[in-house]
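Here is a friendly briefing to read alongside the model. Take a look at the structure first, and then we can go through it topic by topic.

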Amino acid sequence: MSTFVGVLVSDQWLQSQFTQVELRSLKSKFASIKNQNGKVEVGDLPPLLAKLKAFGEMYNEEEIRKVLGESNPDMRSEIDFEGFLRAYLNLQSQANARKGSPKSSSSFLKATTTTLLHTVSESEKSSYVAHINSYLRDDPFLKHFLPIDPASNALFDLARDGVLLCKLINVAVPGTIDERAINMKRVLNPWERNENHTLGLNSAKAIGCTVVNIGTQDLVEGRPHLVLGLISQIIKIQLLADLNLRKTPQLVELVEDNNDVEELMGLAPEKVLLKWMNFHLKKAGYKKTVSNFSSDLKDGEAYAYLLNVLAPEHCSPATLDAKDPVQRANLVLDHAERMDCKRYLTPKDIVEGSTNLNLAFVAQIFHQRNGLSTDNKKISFAEMMTDDEQMSREERCFRLWINSLGITSYVNNLFEDVRNGWVLLEVLDKIFPGSVNWKQATKPPIKMPFRKVENCNQVIKIGKQLKLSLVNVAGNDFVQGNKKLILAFLWQLMRCNILQLLKNLRSRFQGKEISDADILKWANKKVKSTGRSSQMESFKDKSLSSGLFFLELLSAVEPRVVNWNLVTKGESDDEKKLNATYIISVARKLGCSIFLLPEDITEVNQKMILTLTASIMYWSLQQPVEDSDSSPSTTRTPDASPGSSTNGYPSPSIIDSPGVSSGLTFNGSSSPVATASPGESPAPSVNGEDDSSLGGGEVSNSTIDDAASDSTVSSSQVENEDTHPLVAEE
């Protein structure tokens, strides 16, 4: 099995300015403009750079030519790849200067982890190291390496084997990774290390982290800004986990009447935290409103009022009387320590307004003492609003899938965040580039209701062009938040994306449409080829609940990935759960980006079973090994797969589609048309997007073989709903 080899640049500083995903993408684009002699001239660069998203909205070709001319007057002179990278950085710095300081993202979890500045905050590093030392100090494996010295680079060295990342994810969201799948030895070979990083990255996506443009090679190298950025996101997810009504129904006390509860459910966790903070500050008599975790907290007054109302027994008048902000910040932290709050920041961090550390500190205060009533009549109302378990799991799956695409928006609450149509338009444009007419779309915040309807109407229009089943569904159905219709639409969209990606691979060999039946047939054939007799009759075959079939399938595509000593017989519920948990971690370790839960396997949720099978199939078809389904003369190479650096194995995942265009483009309002030849396979771009497509043709419109399937959206009949229902077609 070959492993990923990074793009190497002789200039170490230049190498440090880019991630491996960026370097692979830029190298691919640079190679595409070489002339017959294999050379590139300076004059060839402007058309290429103008097409990149980083510059396309800001510069035209002439402006880029002028910038390049300042350092390279002769446009006919030859330029090598390193010269191209320097030109890119020069243009990037001028673009940043033209834009000015970018506004911070509305969601901390969406904060980018790949910048050209690559600065590492020592305060943040120290705080995250303290967090790791505290939560993982008793871990049987890591206790030999802890505590980490925050003053050294030991954190980045320890992260090189991938074990720390996996363990930290399990602390943030317990049970995400089956630790039996982690390679835990003192010395790991490159293959085992890549497996750990692949498992960690795919699991990070599965809990809501944004990992676009981070590859396993970046983590193997221990690149500080990437490692710290990823750890930062994981810790934030842990600290903000309880800031929702499902986990903390007492939060309903923050709203005055029941009509505001739905609005509260739609808020991002950090917005809920601010609302909670202002709720207590108002009770304490604080006159200002805290709107951010930076400038509004610099003087320390808000902290003083908050802690005085939450823990009056530790209250000290000296805190508010202090004139010096640093002195007040010191007193605030002393007060917090008496409440047993972990010290995530220093007085200097408060005075300087460190956003990330202030957020962590306030979240810790909330965990320690939220000050909310435990006996509130509204709590029962809040609990009544939570969805049924099946719907909640699907909401989680589609929300995480959307966030993994690398779109601008970050989805915190699926049903609330898609109601204005903007997120759905972003998703459509991401997986079907050119499908959205942005001139007819309205960007949030949207005050006029009819603008939301217009956005959603365009979503429906594009969906019909893609031949999705949208019987009598109007944009207003999404605006009103019809949960069944939203889930059904997103399922069709995800499935459409899956089948298109598979077709793009298979079209190199047979050029046929891919259907659910083809995926089923492939899986059974793959397992049978290893001499085993098990098979699945359909994606709702109850025998799949044992998990044995998928373990055999995973073993068939990569014999080394399953440790059969850890597999149970799958007879009891506990044994099935163990197998299901192991399956998900093994699939992610292989390189599959999947968002299902163990319950989806044990209960045989046919939608999630399909995505799991298709993900394994997609990975397998990209391996540089001749497949029995392909012609004998054709092989697949790792470099043919976009995003391959994110996996321990040289290929991407089925729905890890940032940078993977589905091969459809749109001409205005017309139907999708193919633009790329079947054999094309682009490298991902610097921004996690792809400027080209993988193949053409319409998506197979076959449906899952279940009369009760949600794969068809309709609003013409009602089934236990006051609004529009979900009607299935066979």
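Among contacts in the chain between residues at least 6 apart in sequence, what share joins residues at least 24 apart? The share is 66%, where contact means heavy atoms within 4.5 Å. This is a predicted model, in which local features need pLDDT of at least 70 and side-chain atom pairs count only at pLDDT 80 or more, while totals for chains, interfaces and linings use all residues. Residues are numbered from 1 along each chain as its sequence is written, and side-chain values use heavy atoms, with hydrogens and water left out.

**Overall make-up**
- The chain has 31 helices and four strands; these are DSSP runs numbered from the N terminus, with helices being H or I of at least four residues and strands being E of at least two.
- Of its 730 residues, 57% count as buried, meaning under 20% relative accessible area, with exposed over 50% and partly exposed in between (1.4 Å probe, protein chains only).

**Nonpolar cores**
- The largest nonpolar core holds 171 residues, of which Leu273, Trp276, Met277, Phe478 and Leu493 touch the most other members. Such a core is a set of buried Ala, Val, Leu, Ile, Met, Phe, Trp, Tyr and Cys residues joined through side-chain atoms within 4.5 Å.
- Leaving out residues up to four places away in sequence, Leu273 touches Leu240, Leu243, Phe293, Leu359, Val362, Ala363 and Phe366.

**Aromatic pairs and charges over rings**
- There are 10 aromatic pairs, counting rings of Phe, Tyr and Trp (its six-membered ring) whose centres lie within 6.5 Å; planes under 30 degrees apart are stacked, over 60 edge-to-face and the rest tilted.
- Phe141 and Phe145 form a tilted pair because their ring planes are at 50 degrees, with centres 5.6 Å apart. Phe141 is buried at 14% relative accessibility, whereas Phe145 is partly exposed at 33%.
- Tyr286 and Tyr305 also have planes at 50 degrees, so this pair is tilted, with ring centres 5.1 Å apart. Tyr286 sits in the loop between helix H14 (269-284) and helix H15 (301-310), and Tyr305 lies in helix H15, 19 residues apart.
- Ring pairs link Phe30, Phe81 and Phe84 into a cluster.
- The charged end of Arg532 sits over the ring of Trp564, 4.8 Å from its centre, and Arg560 lies over the face of Trp191, at 4.1 Å from the ring centre. The rule asks for NZ of Lys or CZ of Arg within 6 Å of the ring centre and within 35 degrees of the ring normal.

**Backbone details**
- The peptide bond from Leu146 to Pro147 is cis, with omega near 5 degrees, and Pro147 is found in the loop between helix H7 (122-135) and helix H8 (154-158).
- Another cis bond runs from Pro444 to Pro445, with omega near 0 degrees.
- Asn472 has a positive phi of about 55 degrees although it is not a glycine, and Asn472 is exposed, with a relative accessible area of 54%.
- Val604, with phi near 50 degrees, counts as buried at 7% relative accessibility.
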